[in-house]
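Me: I would like to learn how to read a few features of a structure. Can we take them one at a time?

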Amino acid sequence: MAKITYYTHDNKTYTIDVQNGLTVMEGAIQNDIPGIDADCGGGMACATCHVYVKEEWLNKLPTKEDGEEDMLDMAFEPKNNSRLSCQLIVSDELDGLEVNIPSKQG
Amino acid sequence: MNKTDVLIIGAGPTGLFCAHQLGIIGLSCEIVDNLDKAGGQCIELYPDKPIYDIPAVPECTGEELTNNLLQQIKPFNVKFNLNERVEELKKNQNRWHVKTSGGVEFDVAAIVIAGGVGSFEPRKFSVKESEKFEGNSLFYSIKDKSIFKDKTISIFGGGDSALDWAIELSNTSKVNLIHRRDGFSGAEASVQKVKDLNDQGKLNLFTKYQMDSVSGDKQIETVKIKHDEGEIKEIKSDYVLGFFGLIMQLGPILDWGLNINKKTVEVNTENFETNVSGIFAIGDICSYPGKLKLILSGFHEGALAARGCFKYAKPDEKLRFEFTTTSKAAQERLGIKK
């Protein structure tokens, strides 16, 4: 279990306990957190679960698999701290993770 | 006006198999899709990726699956209306009057929405001013490349479309290729070619830059691009092209009075009809308790929705359940000669 904090672009904060094994994307979808669409359902086939990860977490996250960076090229306003939240699998190590949700996904 | 029994919206695997099921029970249909080819997400998102969970097919790619489905519906001569998006829907007595973006009109007894997660639209620049130039000097696809001759073109993106057009247009235009990082998702050979052209001074490659702003009077005159570190460059440009892939949008479906929940359409599980009678929804776009977004579920949903359409298309006839192994009628429809 990990506490994950999601900040929406209109400054709403959601702090949720997400079970280990789920993804950061699923944590948002299951808790109706707005702004993460996840059109492809977690297949790294779209870029609509794009989030900005708080800088200090960047190096603690699992590294990007082939393909994630390619999909991020398609994301709305990608930055250096951009990740696809479907690729971030929750574990105890992610306890306290903070992500910002972009103003839109496409 | 095209008169047919059923209009299927979406030419993905679910829509294609639904056309098959309609054909088997003797109903005619046409298919509309916003893309330029059949296959939906299978073709647009993962044509080469193997799929492992199609029943009785241990492994096939999205492209193979699409081709097999097209083969399977061949006997029914289904008409495809590609590059068309359904815009308007009107009830006309017991039938539906449908109009597409390109002005094609249909008169149908029932509608099956097999629209996946919506129609594919190009992803656009996030810079606000870019809208002003869209369609005149800023494009997301190329229809007539001759307009670029001897002009300065700034191309944004790092996939195959961006690379291929940069290479092609560099023959006759001055090309700037701008991409947000050093890596590219396009084919290795194209990446090399672009780098070679850059070394030879035949195009200008800017990596780690993204669009900052576009400006001009009626047409684009200048583009500002911003480096990761904050530095801004101004480049003269007659045209701007953006190739950021496609995004799926529900579009006009939202206005049809359907019960929509989280970008999906609510249906019953008896025949996959929506809250509006005569409109069915199958595949990724439909939702019901226990819904799985699998292709195999879409096939099941399509088979039942096809039968649900029957009473609207042939209100005076009764549909009998038959197997293709033994039904003469079904075999005739399939064109099987014995």
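Reply: Start with Ala28(A), which sits in helix 1 (residues 24–30) of chain A. Keep in mind that this is a predicted model.

Me: Is Ala28(A) buried or exposed?

Reply: A residue is called buried if 20 or more other C-beta atoms lie within 10 Å of its own. Ala28(A) counts as buried because it has 27 C-beta neighbours inside 10 Å.

Me: Which residues is Ala28(A) in contact with, leaving aside its neighbours within four places in sequence?

Reply: With those neighbours left aside, the contacts of Ala28(A) are Tyr6(A), Ile33(A), Ile36(A) and Ser85(A). For a sense of distance, take Thr8(A): Ala28(A) is 20 residues from Thr8(A) in sequence and 11 Å from it in space, C-alpha to C-alpha.

Me: How many residues of each chain are in contact with the other chain?

Reply: The size of an interface is often given as the accessible area lost when the parts come together. Here we count residues instead: 13 from chain A are in contact with 18 from chain B. On the side of chain A that touches chain B, five residues are nonpolar, three are polar and five are charged.

Me: Where are the domains of chain B?

Reply: Domain 1 covers 2–121 + 247–333, and domain 2 covers 125–244. Between the C-alpha centres of these two domains of chain B there are 38 Å.

Me: Which residues have the most contacts inside the largest nonpolar core?

Reply: That core has 59 residues, and those with the most contacts inside it are Val6(B), Ile111(B), Val112(B), Ile113(B), Phe280(B) and Cys309(B). Helix 7 (residues 295–313) of chain B gives the largest share of this core, nine residues. Another core, of 57 residues, lies apart from it and includes Ala38(A), Met71(A), Val240(B) and Phe244(B).

Me: How do I read a pair of strands?

Reply: Strand 12 and strand 13 (residues 204–207) of chain B pair in the parallel sense, over four bridges. In one of the residue pairs, Ile178(B) has Phe206(B) in strand 13 of chain B as its bridge partner. The chain goes from strand 12 through helix 6 to strand 13 of chain B, a right-handed β-α-β crossover.

Me: What covers the buried residues of helix 5 of chain B?

Reply: The buried residues of helix 5 (residues 160–169) of chain B include Ser161(B), Leu163(B) and Trp165(B). Among the elements covering the buried residues of this helix are strand 11 (152–156), strand 12 (174–179), helix 6 (188–199) and strand 17 (239–242) of chain B.

Definitions and conventions:
Residues numbered from 1 in each chain as written. Chains lettered and ligands numbered in written order. Predicted model: local features only at pLDDT ≥ 70, side-chain atom pairs only at ≥ 80, totals over all residues. Buried ≥ 20, exposed ≤ 12 C-beta atoms within 10 Å, placed from the backbone. Helix = DSSP H or I, 4+ residues; strand = E, 2+ residues; numbered from the N terminus. Contact = placed C-beta atoms within 7 Å. Core = buried A, V, L, I, M, F, W, Y, C linked by C-beta atoms within 7 Å. Domains from an automatic or database assignment. Nonpolar A, V, L, I, M, F, W, Y, C, P; charged D, E, K, R; others polar. Pairing = 2+ DSSP bridges. Right-handed = clockwise from strand over helix to strand, strands pointing away.
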